[in-house]
Amino acid sequence: MKKTHIVVISALLLLMLFVLGSFLVKGKQQDSLSALARKNAEALVRDHSQTAGSPDAKVVIVEFMDPGCETCRAFDPFIKQMMAAYPGKIRLVIRYAPLHHGADFMCAVLEAARKQGKYWETLQLMYDTQPQWADHHNPQPDRIWQYLPRLGLDLKKLKKDLDDPAISRLIAQDMADARALDVRKTPGFFVNGKPLVRFGYEQLQALIEGELRANY
Amino acid sequence: MTNNKIGTDHGANRNWTILFLCWIVASVATLGSLFFSEVMGFAPCVLCWYQRICIYPLVLIFGVGLFSFDAGVVKYSLPLAITGWCIALYHTLLYQGVIPKSIQPCSEGVPCTEKYIELLGFLSIPLLSFLAFTAIIALLYLLRRRLAP
């Protein structure tokens, strides 16, 4: 065989492998995640889940998040923009998937702040100050106490509420639901029950806009 | 400049095979990185992009070198391979936590320490890249020694 033929055939073989692999992986991902979401539909939204946006909205984004996750932080303004662009049509449901070290503590703080009616303010504060407390190699969740007073929270009550077994049950339920839906990375998005398989801003936007077209 | 024809036919075949292996490693790394980002949906971080800048052209440089075997290929490809190797080393150390994250250049997009896959429990994407560049440099070094007059 001529050398040039070896090169050309190898190149074609490699490309074929690539294309074949793409079809296999894509098909499998889409099928298995969609099937999982359908099978575990009740795991998507629980009664305890915190939501934002109009309760009548026909497009529901479920976000499995972690206050210590940088990408969740990066997606936060994007989701807000989408909701502002389609007022009353999009509802956001927050679910916890505390994967980072110390993240379950952060979720508990959020839930305790919710009892004082400051859920979204606290979440915003956590995102804003995330670089200070969520460094990957030296996470120091305790640092959040420096920032919480800014919100005028009753810290004494908040500390007491942290021990509320209902809060740890809620977080455990969210974790179990995340596992059931195969959310292994944060943020994990579902729009009207459809999982975001190919991750990215454009992909999420396309998924949301597709559901908006289908429902309005 | 006909030192591309030095030695026996057998020796020339060996040289060609070594370059062919370089090309295979570079092609697998290129297609593999595209597979991770485009098919599996792992967003590449800044450091990944710098390594891609070094590996992608190597597929073409090695490819051209293969069609009409040219000893100059070592001279042209080694700087790219070494640059990529350095970035891959830095990335791997960063990923493993040997280098503290505070000095990493990623400030937006995907953090360079994002864990996507770890084959066999330890083969991360930065490590795969590091191994690919290492293999290419080793092969090129071997080729250079064989081609040296």
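The legends below describe close-up views of a predicted model.

**View 1. The interface between chain A and chain B.** In this predicted model, 23 residues of chain A are in contact with 25 residues of chain B. Putting the two chains together buries about 2100 Å² between them, and 70% of that area lies on carbon and sulfur atoms. On the side of chain A, the residues that lose the most area to chain B are K3(A), V7(A) and F18(A), which together account for 27% of what that side buries.

**View 2. Polar and charged pairing across the interface.** Between chain A and chain B the count of salt bridges is zero, while two residue pairs are found in polar contact across this interface, both at pLDDT 80 or more.

**View 3. The helices of chain A that face chain B.** Two helices of chain A, α1 (3-39) and α2 (70-85), each supply at least two residues of the side that touches chain B. The largest share of that side comes from α1(A), with 15 residues. Sorted by class, the side of chain A that touches chain B is made up of nine nonpolar, eight polar and six charged residues.

**View 4. The cysteines C45(B) and C48(B).** A close-up of this pair raises the question of how far the sulfur of C48(B) is from the closest cysteine sulfur. That closest sulfur belongs to C45(B) and lies 3.4 Å away, and because a disulfide requires sulfur atoms within 2.5 Å, the distance between C48(B) and C45(B) is too far for a bond. C45(B) itself has a relative accessible area of 4% and is therefore buried, the cut-off for this term being under 20%. A search of the whole structure, over all chains, likewise finds zero disulfides.

**View 5. The surroundings of T122(A).** T122(A) lies in helix α4 of chain A, which covers residues 119-128. With a relative accessible area of 0%, T122(A) counts as buried. When residues up to four places away in sequence are left out, T122(A) touches V109(A), L110(A), A113(A), L148(A), L151(A) and L153(A). A polar atom of the side chain of T122(A) lies 2.5 Å from the backbone oxygen of K118(A).

**View 6. T122(A) and E111(A) in sequence and in space.** This view pairs T122(A) with E111(A), two residues that are 11 residues apart in sequence. From C-alpha to C-alpha, T122(A) and E111(A) are 9.5 Å apart in space.

Methods:
Residues are numbered from 1 along each chain as its sequence is written. Chains are lettered from A and ligands numbered from 1 in the order in which they are written. Side-chain values use heavy atoms; hydrogens and water are left out. Contact means heavy atoms within 4.5 Å. Buried area is the accessible area (1.4 Å probe) that two parts lose on being put together, summed over both. A salt bridge is a side-chain nitrogen of Lys or Arg within 4 Å of a carboxyl oxygen of Asp or Glu. A polar contact is a pair of N or O atoms within 3.5 Å; within protein, one must be able to donate a hydrogen and the other to accept it, and residues adjacent in sequence count only if both atoms are side-chain atoms. Helices (H or I, at least four residues) and strands (E, at least two) are DSSP runs, numbered from the N terminus. Ala, Val, Leu, Ile, Met, Phe, Trp, Tyr, Cys and Pro count as nonpolar, Asp, Glu, Lys and Arg as charged, and the others, Gly among them, as polar. Buried means under 20% relative accessible area, exposed over 50%, partly exposed in between (1.4 Å probe, protein chains only).
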